[in-house]
Amino acid sequence: MPKPITLLIGALGGDGGGVLCDWIVSAAQSRGLGVQATQIPGVAQRTGATTYYVEVMPAGAAPSSVLALNPAIGEVDIALATELLEAGRMIFNGFVTPDRTTLIASTHRVLAIGERMAMGDGSFDVGRLLRAVKERSREQILFDMDQAAEESGGVLNAVLLGALAGSGRLPIPDGAFEAAIRHAGKSVDTNLAAFAFGRGHARGELEQAVREHRKRQTAVQGVADLIERARRTYPATSLDVVEEGIRRLTAYQDRRYAALYLDRLDAIAALGSAELLREVARHLAVRMSFEDVIRVAQAKTSADRLARVRAEVRAKGHEPLEVTEHFKPGIEEIAAILPPAMARRLIDWGRRTGRLGKTYFSMHVRTTTILGFARLRLVAGLRWWRPRTSRYVEEQAEIERWLGQIRAAAPLGLDLAREIAESARLIKGYGDTHKRGLDNYRRIGDEVIAPALAGRMTPRAAADAVANARVAALADPEGESLAKTLAAIAAAAPRMPQAAE
Amino acid sequence: MLDQPAAQLPVSQRTNPERSFSEEVRALRLGDGEVFRGEGILAVTKAILQSGVSYVGGYQGAPVSHLVDVLVESQDLLDELGVHLETCTNESSAAALLGASINYPMRGCVTWKSIVGTNVAADALSNLASPGVIGGALIVVGEDYGEGASVIQERTQAYALKSSVWLMDPRPSLPTMVRCTEKAFELSEATNTPVMMELRIRACHVTGEFVAKDNVPPAISRNHRLAEPAAHNYDRISHPPSTYAHEKIKVEVRQPAAERFIVEHGLNEHLPGERSDLGIIVQGGITNVLVRGLDRLEVEGKIPTLVLNVTHPLAPDQIADFCKGKRAVLVVEEGAPDYIEQAIHVLLRKRDIDTKIYGKDVLPMAGEYTAEVVTEGLLKFFAQSANDIDLSGPRERFEAARAGRTEAQRLLGGPLPLRPPGFCVGCPERPVFSAIKLLEREVGKVHISSDIGCHSFATLAPFNLGNSILGFGMSLAAAGAVAPVMQKRTISVMGDGGFWHNGLLSGVASSMFNRGDRVLVIMQNGYTSATGAQFIPNTSGNRRDGETTSDIAATLKAMGVGWLRTIRTYNVGTMLKTLREAMSTDDKGLKVIVADGECQLARQRRIRPQIAAQLKRGERVVRTRYGVDDEVCTGDHSCIRLSGCPSLVVKPSPDPLRSDPVASVNNGCVGCGLCGEVADAAVLCPSFYKADIVQNATWWDRLKWKVRSKVIGAMAGA
């Protein structure tokens with residue numbers, strides 16, 4: 001008995017998997033082929049993943065009376081996925097096999113909620129996905145169908161249908177698929193365009209434009225001499241980072257501040273590790289350009305920002321745009337830009353009256369109006385005042401402490417020094433987020449780094465401990481993982497015999 | 001508080017969004033000899049009309065929602081035929097609808113999702129089954145079991161057994177499903193018993209074709225009304241002493257009649273095979289999986305198979321005849337307990353037939369019978385009962401596929417990120433849970449009693465809120481014994497669908513009556529959104545007219561609820577304040593917050609065509625959406641943990657010095673403003689901005705824009 005050709009489709013809710021299924025069924029029916037499809041639509045919500053299963057009898061075969069409703073492991077001829085992780089899921093579940101399955105999948109990623117809500121980078125390793133895709137399927141048709149859909153002005157499911165047609169794995173000519181799109185009668189022109197794009201990609205007739213994620217350099221003038229100084233003294237491998245640091249800090253504050261950056265780096269360069277220098281240069285530039293209201297105002301009023309917003313929200317041609325910014329400074333944000341003594345008094349008052357962490361000033365500023373923009377510009381103009389602010393003084397002290405730890409750790413072990421440098425990654429954000437990150441950073445400093453520098457752990461173990469603590473601090477905002485990890489580190493650290501006196 | 005999206009309708013004006021079943025409606029009109037093409041559930045709907053039903057009713061739920069949904073759109077056809085359609089407010093009301101067939105010779109069909117719907121309907125079902133029916137009564141249940149199921153995993157079979165209702169489980173092929181539907185009415189009338197027909201998820205959505213027949217207008221109907229009610233007959237009342245008689249009639253008269261009918265009309269199917277010493281008995285609904293499994297082992301067509309399209313009652317003679325003379329028979333019966341296998345054991349034992357029965361010993365007791373599970377069971381069955389069949393080749397291939405999967409999982413290195421269902425972009429229910437999360441930051445963890453509906457997604461990431469789900473509309477009742485032992489008040493969350501389904505009486509009335517000191521949040525979006533945006537009593541009208549039937553706040557007031565607030569959900573700050581007040585007020589009674597926000601899916605369906613038309617006419621339209629300044633965002637993703645909006649994504653940081661990805665709003669944004677609201681209410685960060693893009697700008701817009709961008713450009717450059 002001739003066997004059916006089996007198709008499994010993995011899609012996200014809202015990807016149009018059902019419509020794709022209908023097109024395939026309709027095209028097969030129009031050729032007189034036996035066909036059966038079924039699906040697990042579940043709840044129709046957006047974020048779930050779902051599958052569709054289709055069986056098509058080969059040409060010339062009598063339509064079988066019993067077609068299966070469930071895919072079977074090792075028995076799928078064609079697997080279609082609208083997204084890379086969903087291709088991975090079909091592989092994970094054993095449906096895609098190297099002896100049989102043609103895998104047709106989009107390479108773009110739509111991150112799952114677990115990946116998005118991570119406190120750092122929680123995305124699944126794409127390298128692993130791609131390796132599994134290549135090793136676990138017979139042949140592959142892979143391209144970024146999301147982008148192809150955008151280029152064609154259509155929707156992803158039509159691109160995928162085109163890729164299926166282009167694969168030549170079904171005894172259905174292109175014309176029958178196109179007729180199915182026409183017959184369905186919705187967005188016919190754009191769907192046909194997307195179909196043609198998909199088919200062209202599958203047949204290798206179209207080149208995939210690579211989607212770029214370009215890093216943005218800070219634009220600033222008059223730092224040529226500082227850059228020259230860096231080039232003279234530092235190894236080439238760290239220069240891209242150091243030069244960006246110079247530009248960033250000049251724009252953030254001034255040339256003098258950028259020079260301070262280089263002075264600080266000189267002491268690190270003297271430790272002799274280019275790798276360590278690069279890491280410290282990166283984190284130091286970020287730490288020195290800490291986020292205060294002045295910096296936010298600078299960012300929101302920078303010269304290229306409006307063009308960026310227009311592109312991001314896809315405002316066309318000369319469509320007027322109104323941008324409203326959301327600010328909610330509290331007592332701490334205000335104290336941050338006051339001189340230390342005044343700041344202390346304000347914070348004390350806030351604490352006494354219970355207003356600290358309670359009283360905020362919600363402000364909505366429209367930066368596309370002249371007055372709104374001017375207000376922020378005024379705040380951005382406070383840059384000259386910044387070195388007198390309490391936040392500046394605190395940050396510099398914290399930075400010096402951190403640099404001191406790195407310098408002290410380097411002779412013990414470069415790994416430990418690098419991990420201490422990397423722990424600065426925990427400090428980010430605003431308000432509570434910043435406070436939480438800083439608290440975690442300080443806890444690791446007190447409970448892991450300090451004992452390590454005091455020689456109470458081997459440098460190797462200390463480096464691991466700092467790394468583990470950093471990962472744990474990023475695991476959950478409640479700090480449960482960090483508490484557990486710190487306890488484990490404390491328990492594992494061998495008690496060094498104390499001097500008798 | 002931020003600016004809110006415009007164009008939200010007050011609840012009393014919300015109407016069913018545009019959903020088009022025009023293709024399906026056409027299919028229902030097909031006549032004699034025409035070929036029907038479509039899904040299983042639509043084929044069953046067509047078969048109902050071909051059977052001459054007088055009335056149809058039901059309560060929506062996957063996978064059988066379409067039955068009523070399509071009929072709602074087919075009002076013209078129903079009017080022509082005279083068929084009455086009742087969109088019931090719960091399954092109990094749907095089951096009670098069948099009461100019409102107790103006294104009158106008219107056919108009726110109702111539908112719901114099982115097992116949950118059958119549970120709700122159980123009281124009426126028992127009272128229907130006891131006196132029995134004279135008009136054919138069919139209940140189409142969506143057996144929501146296995147992959148994609150959203151309810152507890154139990155079997156409808158239990159109800160069929162205990163109430164003496166017949167249960168069909170047709171082989172998922174359209175001609176078989178259609179024939180079973182038509183025969184179900186005949187069986188029901190021949191035995192005075194309601195018939196249930198269970199359809200699994202894949203069977204409801206399976207595509208196929210069959211040759212249609214003309215629809216049959218019922219003899220008694222809206223178009224042909226009865227002059228007189230039925231004569232009083234106490235035998236038809238389910239009260240003693242009638243009930244004592246009913247119990248006996250069920251087993252002495254009706255069941256034997258059903259057993260005869262099943263055999264005489266060939267409802268179960270024999271698939272022939274050359275191995276007369278072996279056999280398989282399978283539920284109709286699992287047949288395709290079984291056949292493919294046999295095919296995989298290269299024994300397809302060799303093993304005689306009895307396909308039970310009716311799984312209750314079994315026809316004892318048919319089973320005995322099938323087993324007689326066989327060494328071994330495998331029973332393929334999905335789900336626990338193994339009612340059919342046990343019955344076959346007893347039946348054979350009583351007749352001294354010594355055929356060895358295999359079943360749950362080689363197949364798992366619980367869980368879906370997927371292709372892999374059945375293939376493995378078959379391998380075990382043949383190994384124990386027929387080792388003369390050489391299965392080494394197929395077994396090797398099967399094992400290789402499994403080993404390949406292990407290898408694939410090793411390559412992928414551990415489990416893949418899950419994609420739990422979540423709230424849609426712009427969902428009005430999401431802000432309520434953001435507010436609850438913020439409330440918990442202040443007062444600590446709160447016991448949250450969850451319910452059925454879209455809002456149950458809050459029990460998943462990123463909210464992870466909710467301690468229990470006890471059934472549809474049950475969340476307030478489920479807090480009944482928790483609230484009195486808790487220092488903090490409990491919060492019950494319920495949808496408006498759940499409120500009308502059950503929550504009003506089981507929850508609100510009971511809590512008021514018992515002076516419960518609890519908090520109830522009712523999500524008022526205007527539809528039962530999780531099942532496809534069906535009408536409910538507080539929607540604007542029902543399918544017939546635009547009058548709102550019942551208002552929730554008015555209903556609660558009439559019931560004596562003293563502390564009642566209606567809040568627009570998107571105002572996270574206000575919602576938080578209201579929740580705080582509800583948790584701390586001195587009022588000791590029930591505190592109800594009606595969280596009002598139109599279902600965004602419905603809203604988008606409604607306004608998208610309107611906006612497209614406006615744009616086409618050249619009218620000024622302001623498009624609002626949100627964005628994140630990637631230069632200000634530092635990549636902590638607190639905003640995502642507090643909202644989880646699908647359009648709030650992450651992208652690589654454009655900053656050459658930072659490695660953590662930053663948040664970003666993608667083009668799916670509908671401008672609901674929640675991300676900005678949350679950033680504001682939780683004091684997160686200044687990264688969010690709102691962008692209003694003026695399409696088809698007026699000369700004044702353009703002039704303003706020109707002047708502003710000139711001046712701003714000059715200031716920025718300065």
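Colleague: How far apart do the C-alpha centres of domain 1 of chain B and domain 3 of chain B lie?

Modeller: This is a predicted model, where local features need pLDDT of at least 70, side-chain atom pairs count only at pLDDT 80 or more, and totals for chains, interfaces and linings use all residues. Residues are numbered from 1 along each chain as its sequence is written, with chains lettered from A and ligands numbered from 1 in the order in which they are written. Domain bounds come from an automatic or database domain assignment, which gives domain 1 as 31-263 and domain 3 as 430-602 in chain B. The distance between the two C-alpha centres is 33 Å.

Colleague: How many residues does the contact take from domain 1 of chain B and from domain 3 of chain B?

Modeller: Two residues are in contact if their C-beta atoms, placed from the backbone, lie within 7 Å. On that basis domain 3 of chain B gives 13 residues, and domain 1 of chain B gives 10 residues.

Colleague: Which helix provides the largest share of the side of domain 1 of chain B that touches domain 3 of chain B?

Modeller: Helices (H or I, at least four residues) and strands (E, at least two) are DSSP runs, numbered from the N terminus. Three residues of that side come from residues 65-72 of chain B, which form helix 3.

Colleague: What is the strand order of the open sheet of five strands in chain B?

Modeller: Two strands pair if DSSP finds at least two bridges between them. Strand 10 (278-283) and strand 13 (328-332) of chain B pair in the parallel sense over five bridges. Pairing in the sheet is mixed, and its order is 9-11-10-13-14.
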